[in-house]
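Student: I would like to work through this model with you one question at a time, with the cut-off behind each term stated once. May we begin?

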Amino acid sequence: MSEQVVDEQGAAKPKHLTVTVHNEDAGGEPIKIEGEPKTKIETIIHRMYTDLDTERKEGDRLTCLANGGDVFPHAHEELEHYAEHECHALEWGFARATGGA
């Protein structure tokens, strides 16, 4: 069970959000990255590359699996806002320029 906080309107919101990243090139178990609602997407992207033990390269693709939307343009957004408006399940697919499906 995840911890929750209550907003100004009394609605329960999760204290932590988890992004699940599927490495479409390597396969295997997905990477799970936890963040707080105010964590920037760019921080999650940085953690993903750290977990993959690599750096961003030209042509890398990072997409929301639910809608196919590109994650990179949302780097400046907070995780909570991004989850509410762009990618509700916070499941991403990662692939290099020549890899993936």
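Student: At its relative accessibility, does Cys-64 count as buried or exposed?
Tutor: This is a predicted model in which local features need pLDDT of at least 70 and side-chain atom pairs count only at pLDDT 80 or more, while totals for chains, interfaces and linings use all residues. Residues are numbered from 1 along each chain as its sequence is written, and side-chain values use heavy atoms, with hydrogens and water left out. A residue is buried under 20% relative accessible area, exposed over 50% and partly exposed in between, with a 1.4 Å probe and protein chains only. The relative accessibility of Cys-64 is 2%, so Cys-64 counts as buried.

Student: Which residue does a disulfide join to Cys-64?
Tutor: A disulfide is a pair of cysteine sulfur atoms within 2.5 Å, and by this rule the count comes to one. The S to S distance is 2.2 Å in the link from Cys-64 to its partner, which is itself buried with a relative accessible area of 1%. That partner is Cys-87.

Student: How many residues apart are Cys-64 and Cys-87, and what parts of the chain does the pair link?
Tutor: The link of Cys-64 and Cys-87 is right-handed, with 90° about the S-S bond. Helices (H or I, at least four residues) and strands (E, at least two) are DSSP runs, numbered from the N terminus. In these terms the pair links distant parts of the chain, with Cys-64 in strand β5 and Cys-87 in the loop between α2 and β6.

Student: Leaving aside neighbours within four places in sequence, which residues is Val-21 in contact with?
Tutor: Contact means heavy atoms within 4.5 Å, and Val-21 is among the residues with the most contacts inside the largest core. With neighbours within four places left aside, the partners of Val-21 are Pro-30, Ile-31, Ile-33, Met-48, Leu-62, Trp-92 and Phe-94.

Student: Why is the pair of Tyr-49 and Phe-94 described as it is, and what is that description?
Tutor: Rings of Phe, Tyr and Trp (its six-membered ring) pair if their centres lie within 6.5 Å, and planes under 30 degrees apart count as stacked, over 60 as edge-to-face and the rest as tilted. By this rule the count comes to two aromatic pairs. For Tyr-49 and Phe-94, the centres are 5.7 Å apart and the planes stand at 85°, so the pair is edge-to-face.

Student: Where do Tyr-49 and Phe-94 lie, and how many residues apart are they?
Tutor: Both Tyr-49 and Phe-94 are buried. Tyr-49 lies in helix α1 (residues 41-52) and Phe-94 in strand β6 (residues 91-95), so that distant parts of the chain are linked across a separation of 45 residues.

Student: What parts do Tyr-82 and Trp-92 tie together, and how many residues apart are they?
Tutor: The rings of Tyr-82 and Trp-92 have centres 6.1 Å apart and planes at 85°, so this pair is also edge-to-face. Tyr-82 lies in helix α2 (residues 79-85) and Trp-92 in strand β6, so the pair ties together parts whose separation in sequence is 10 residues.

Student: In which loop is Leu-90 found?
Tutor: Most residues other than glycine have a negative phi. Leu-90 has a positive phi of about 55° although it is not a glycine, and at 4% relative accessibility Leu-90 counts as buried. Its place is the loop between α2 and β6.

Student: What is the relative accessible area of Asp-53?
Tutor: Asp-53 is not a glycine either, yet has a positive phi of about 55°, and it is found in the loop between α1 and β5 (61-64). Asp-53 is exposed, with a relative accessible area of 72%.

Terms used. A nonpolar core is a set of buried Ala, Val, Leu, Ile, Met, Phe, Trp, Tyr and Cys residues joined through side-chain atoms within 4.5 Å.
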